[in-house]
Amino acid sequence: MTITLDNLATRYHCLPSYALEQATTFDLHVLDVATRWSNYQHELASTGKKPVPKLSEDDMMKMLNNVRGTAI
């Protein structure tokens with residue numbers, strides 16, 4: 001949470017205490033989307049290819065069970 005608060009304060013050029021007092025969930029959502037986009041662009045630029053999507057453990061288990069023929 002501290003890093004998120006610092007990133008939010010940095011983005012809005014204010015003190016973290018002000019961001020903590022004034023920020024809404026919309027601000028956090030915008031920060032999250034912007035950070036994900038920035039990370040995506042950075043990985044795309046550094047590797048030259050689209051990043052591989054990060055699957056959840058449940059999705060990976062479903063894929064594994066499907067390959068094994070034991071789909072639930």
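Predicted model: local features only at pLDDT ≥ 70, side-chain atom pairs only at ≥ 80, totals over all residues.
A residue is called exposed when its relative accessible area is over 50%.

Let me start with Pro53. Pro53 has a relative accessibility of 63%, which is over 50%, so Pro53 counts as exposed. Where does Pro53 lie? Pro53 sits in the loop that runs between α3, residues 25-47, and α4, residues 57-68. If you want a distance to check on the screen, take Pro53 and Trp37. They are 16 residues apart along the chain, and their C-alpha atoms are separated by 13 Å.

Now the whole chain. How many helices and strands does the protein have? There are four helices and zero strands, and reading along the sequence gives the pattern α-α-α-α. For the overall dimensions, the C-alpha atoms fill a box of roughly 55 × 30 × 20 Å along the principal axes. The radius of gyration is 18 Å, whereas a compact globule of 72 residues would have one near 11 Å.

Buried residues account for 11% of the 72 residues. The protein exposes about 6400 Å², and 61% of that area comes from carbon and sulfur atoms. As for charge, there are 7 positive and 8 negative side chains, and the centres of these two sets are 12 Å apart.

In soluble globular proteins, nonpolar side chains tend to be buried together. Which residues make up the largest nonpolar core here? It consists of five residues: Leu5, Leu8, Ala9, Ala19 and Leu31. Helix α1, residues 2-12, gives the most to this core, with three residues. Setting aside neighbours within four places in sequence, Leu5 is in contact with Pro16, Ala19 and Leu20.

Last, His13. Its place is the loop between α1 and α2, where α2 covers residues 16-22. Is His13 buried or exposed? The relative accessible area of His13 is 73%, which is over 50%, so His13 is exposed. The backbone of His13 deserves a look as well. Most residues other than glycine have a negative phi. His13 is not a glycine, yet it has a positive phi of about 55°.

Conventions:
Residues numbered from 1 in each chain as written. Heavy atoms only, no water. Helix = DSSP H or I, 4+ residues; strand = E, 2+ residues; numbered from the N terminus. Buried < 20%, exposed > 50% of the residue type's maximum accessible area, 1.4 Å probe, protein only. Core = buried A, V, L, I, M, F, W, Y, C linked by side-chain atoms within 4.5 Å. Contact = heavy atoms within 4.5 Å. Rg over C-alpha atoms; globule rule 2.2 N^0.38 Å. Areas by Shrake-Rupley, 256 points an atom, 1.4 Å probe, with all protein chains shown as cover. Lys, Arg positive; Asp, Glu negative; His and termini not counted. Charge placed at Lys NZ, Arg CZ, Asp CG, Glu CD.
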